[in-house]
Amino acid sequence: MSRAVYLATGMSLLLPRPGTAQTGSIQGRVWSDDGVPVVSAVVTAVPTTGVTQARYATTDDLGYFTVAGLTTGSYTLRVSALGYASHEEGVRLDASVGGQPVLEVTLTTEALELEGFSIEGERSRARIRFEETAGITVQDLDREAVKAIPGLAEADPIRAVEVLPGVTTVSDFSAAFNVRGGSADQNLILLDGVPIFNPFHLGGLFSVFNADMVRRAELQSGGFPAEYGGRVSSVLTVETDVGDGEPSVDAGISLLATRIAVDGGLPAGLTSSLGLRNTRWRVSGRRSYFDVLFKPFLDFPYHLTDVQGAFEGWTKGGNRFQITAYSGRDVLDLSEVDPDDLPLQIKWNWGNDAVGGTWTHPMQRGGALDLRASYSRFTSDFGFPEFGDTEFSTFVGQATLGADLELRPEPRFRWKSGFVANRVVHDYLLASGGTEFAGADGAGWEVGAYTQFDWRPGSRWLLEGGVRADRWTPDRGNVQYTIAPRVAVKRFLGEGSAVRVAAGRYSQFLHSIRDEELPIGLDVWVLTGALAPKVVSDQLQIGYERFLGASEDWFGSIEAYVRTYDGVLTQNFAEDPNDDLDEFLAGDGQSWGLDLFLRKERGETNGWISVSFLRTERTFPDTRIGVDPVPEVTFPPVFDRRLDVDLVLNRPMPWGTVGGFRWNFGTGLPYTRPLGGFTFYRNRAVQGGLLEPDDGFGDGVVLGPRNGSRYPLRHRLDLSFRKPMQRSWGTLTPYLNVINLYNQKNVLFYFFEFGNTPAERAGVSMIPLLPTLGVEIRF
C-alpha cells in the first residue's frame, strides 16, 4: 500500500499550477467595530439580475471569506453574524479587472435575537467544510454540544469524543480513547496547538479540560494533512474560548469539583500603551472539594486542582498574539492512614504543565504566517513509603519551535508549508531501598518540514496533496528519517453529495507503555532510539457523504479504511535483567473497518447515530515460549471492539428543561482466559516426598490463546436534564446526569478461582446506576 501512497502523491504534486479561474469570486475580511475579526459570519452574494442562485461562504478564524464560482455581473453582498447588525452593499464583478474584488467589511455590535440564525450559521460552516476539504475525516463539538451529552458528574470534552464514529474505549473508568484500531498513545491531543501528554484526572476517569473554557473540540480521525506530525492515529484539537472582551463569569459545582471561569479585556489605556487595539482574556480554576468538606471528620486522601488561562491581543496593524497556559495536579496520599485500616500505604501525585504562544500575521487575500513556541510536560511519582521508599516515577517533556505559512494566490488554490523543531526528553524509574530495578532516560531532537496544497480545478473536483519529512536524532541510537506523502481526491456528484479517497503515511517517535486493560494505569513514556523503534502507519480510506433534506437538515457519511502499523511496542515479560536493551518487544499491526454516521442539526430534536465496525490485530515475538527461533503470536489488542453503536439525542422537554440522551452498544472486548490452575511442589531429598508450598505461593495458571476469549456484549443508557433559568443577574442552570439508567452490569474483568471444586468465575462490573447533580451559573 505504501507504493500506491507515494505514486498518488507524486502525481498530485506534478499537477500544473492552476491558471486564472474562468469564474470570479468576491474575497474580503470581516471586522467587528472594536477591531477583532468576526469568526463564522455568514456572507451571501445575491445576483441583482438573472437567474443565478445565491452563493455563500463563512469567515475563518481570521475573518477572511471567499465567495467563489460567480459569473460577472452585479451582486448584493450580505454579511450577518450573531450579535452584530447585518451589513449589505453592492459589488460589481468585472472580468476586465480580474474579477476578484477584495473587501473590508466592518460590523457594528448589536444585541440581536435572530431566530434560527445560529442554526443557519452552523449549517453553512458544515457546508463550507464539505466543499473545501477533500480527505480529512473530521467531527467537531462546540461547548453547547459537549454539555448536552450526558457526562460523568460534569461535561467533559474528551468523554464527549467517545460518541463519534471510529472511537472506542476500553472501560467506563478511563476517558482514554482509541481511534480506528490505534492505541491511546497514538492520538495527538492539542490544547490551542500545545500537546498534552496525559490529559486525565483521577487516573483517567475524566479529562483535564474544563468545559467552560472550551470553544470547540475537533477530532480528525483520518486523512489529516501533512501539517500534522508526531502521531499516527488521530488529532484531537481543543480550542480555548477567550470570550468577547466583556467581563463575565461562568461557575459550577458538581459531584467531583467546583470550578470558575472569568473573562474580560485589558483596560483601554493599557491596551493602547501595549500597541494593541483589542485584548481578550479568560482564566479558570477547578478543585475537588471532598478533602476540604470532610476535614472536620477525616482526612480525605485525594484532591485535584487545575488552572488554565488564555490571552488574545490584536495589534493596530492586524496581527494577533495568543498565549495559552495550563497546570494541573492530582494528589493521592494514603501514607497517613492507620496501617490497621489500610495495610498498603500509597503516595501518588501526577499532572501536566503546558504553555504556548503564537504570533499570527494575516496575508493579503487570506492565509497567514504563524510563529509558535510551546513547552509541555507530564510527571508522575507513585510510591510505597513503608517499603523502603519504593517509588515508580515517569516524566516526559517537549519544547517546540515552529512556523507555518499559508498563501491563497487564487480563490481555488491554497498552499501551506512549515517546519517544526521539537526537543523531547523522557525518564522513568522503578527503585526501592536505594536499589534501581528498572529505568531509562533519554532525549532527542525531532525536526520536521512539510508542504501541502489544495486545489479545485473545477466545480466537480477537489484535490489535496502534500508531503512531510521528519528527522529524529536520539541521544542514544541511530538517526531516523521518515518521508510521509499524503494525497486526497474528492469528486462532487451533485449539489450536496461527494465521494472521496485519501491515502497517507504517518509516523511517530514516542511510545507509552501502558497496560490498557487496567482501569487505572501509569503511562511509561519511551522515545525511539536504542530501546524502541519508530512507528510508521500507512493508511487508505474511501468514503461517501451527503446532505439530506430540502433544508439540508441531515448529513450522512459512510467510510471504509485500512491501516498498517510498523514498530508498535509492548513489554517483554521474558527480559534478561542483565540486558539493558531487551525491556520491550517491537511488532506490527493492522486494522480495517467501516464507519457510518448520520447527523440531524436542525429542529427541536437533533443528534446523531454512529455505527463503527472494526477489526484490528497485533503481532509480536512470543518470547514466553522459550524456543529459538522465537515464534510470533498474532492477537486482537484489548481495544478490538468489533461493533460499536452510539445514539445521541438532544431535545427540549416540558417545563423549560433540555434533555440529553446517549445509548451505547458494543460487542465484547478480548481477554486471555485462564484454562486451569496447578501447584508447584517442593522436593526434599532428606525429608522425602513432595511438599506443597506455604501460604499459597507456587500456584500456577494455564492460559488459553492470547486474547482468544471475549467479554459479553455491553450496553448502557445515559440521560441528562438541564434547566436554564433566567435571573436579573444572569443564568442559573441546575442539571441532573444519570449514568447507566437501567443498571446494566457491564463486565470490567473476571476473577477465576481454581482452588474451588468446581472452579469459580467472578466478575467485576463497570459503573452502576449513578445519578449526579450539579449547578452552573453565568453572569
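1. Let's start with Asp-192, which is partly exposed at 28% relative accessibility. On this scale, buried means under 20% relative accessible area, exposed means over 50%, and partly exposed is in between, using a 1.4 Å probe and protein chains only. Asp-192 is in the loop between β11 (187–191) and β12 (194–195). Its phi is positive, about 55°, although Asp-192 is not a glycine. For background, most residues other than glycine have a negative phi, and most peptide bonds are trans.

2. Before you go on, a word on the model. It is predicted, so local features need pLDDT of at least 70 and side-chain atom pairs count only at pLDDT 80 or more, while totals for chains, interfaces and linings use all residues. Residues are numbered from 1 along each chain as its sequence is written, and side-chain values use heavy atoms, with hydrogens and water left out.

3. Now the overall picture. The protein chain has 6 helices and 50 strands. Helices (H or I, at least four residues) and strands (E, at least two) are DSSP runs, numbered from the N terminus. Of the 779 residues in the protein chain, 52% are buried. The chain exposes about 34,700 Å², and carbon and sulfur atoms supply 58% of that; accessible areas come from the Shrake-Rupley method with a 1.4 Å probe, and for residues only the protein chains shown count as cover. Take the contacts (heavy atoms within 4.5 Å) between residues at least 6 apart in sequence: 65% of them join residues at least 24 apart.

4. Ala-153 sits in the loop between α3 (143–148) and α4 (157–161). Ala-153 is buried, with a relative accessible area of 2%.

5. Which peptide bond is cis? The one from Asp-628 to Pro-629, with omega near 5°. You'll find Pro-629 in the loop between β35 (606–621) and β36 (632–635).

6. Have a look at Ser-591 in strand β34 (residues 584–600). Ser-591 is buried, at 0% relative accessible area. A polar atom of the Ser-591 side chain lies 2.9 Å from the backbone oxygen of Arg-180. That is a polar contact: a pair of N or O atoms within 3.5 Å, where, within protein, one must be able to donate a hydrogen and the other to accept it, and residues adjacent in sequence count only if both atoms are side-chain atoms. Leaving aside neighbours within four places in sequence, the contacts of Ser-591 include Gly-181, Tyr-561 and Leu-614.

7. On to the sheets. Strands of a sheet pair through backbone hydrogen bonds, either parallel or antiparallel. Here, two strands pair if DSSP finds at least two bridges between them. Strand β1 (residues 24–32) runs antiparallel to β4 over 5 bridges, and Gly-28 has Phe-65 in β4 as its bridge partner.

8. Another open sheet has 5 strands in the order β8-β15-β16-β11-β12, again with mixed pairing. β8 (137–142) and β12 are at its edges with a single partner strand each, so one side of each has no neighbour in the sheet. Inside this sheet, strand β15 (residues 214–222) and strand β16 (residues 234–240) pair antiparallel over 6 bridges, with Glu-218 bridging to Thr-237 in β16.

9. There's a hairpin to trace too: β48 and β49, with 6 residues between them. Strands β48 (residues 747–753) and β49 (residues 760–765) run antiparallel and are joined by 6 bridges. Glu-753 stands opposite Glu-760 in β49.

10. Finally, the inside. Which residues have the most contacts inside the largest nonpolar core? They are Val-396, Tyr-428, Val-526 and Phe-584, in a core of 34 residues. A nonpolar core is a set of buried Ala, Val, Leu, Ile, Met, Phe, Trp, Tyr and Cys residues joined through side-chain atoms within 4.5 Å. Elements giving two or more residues to this core include β20 (302–315) and β24 (390–410), and β31 gives the most, with 3 residues. A second, separate core has 32 residues, among them Ala-155 and Phe-597.
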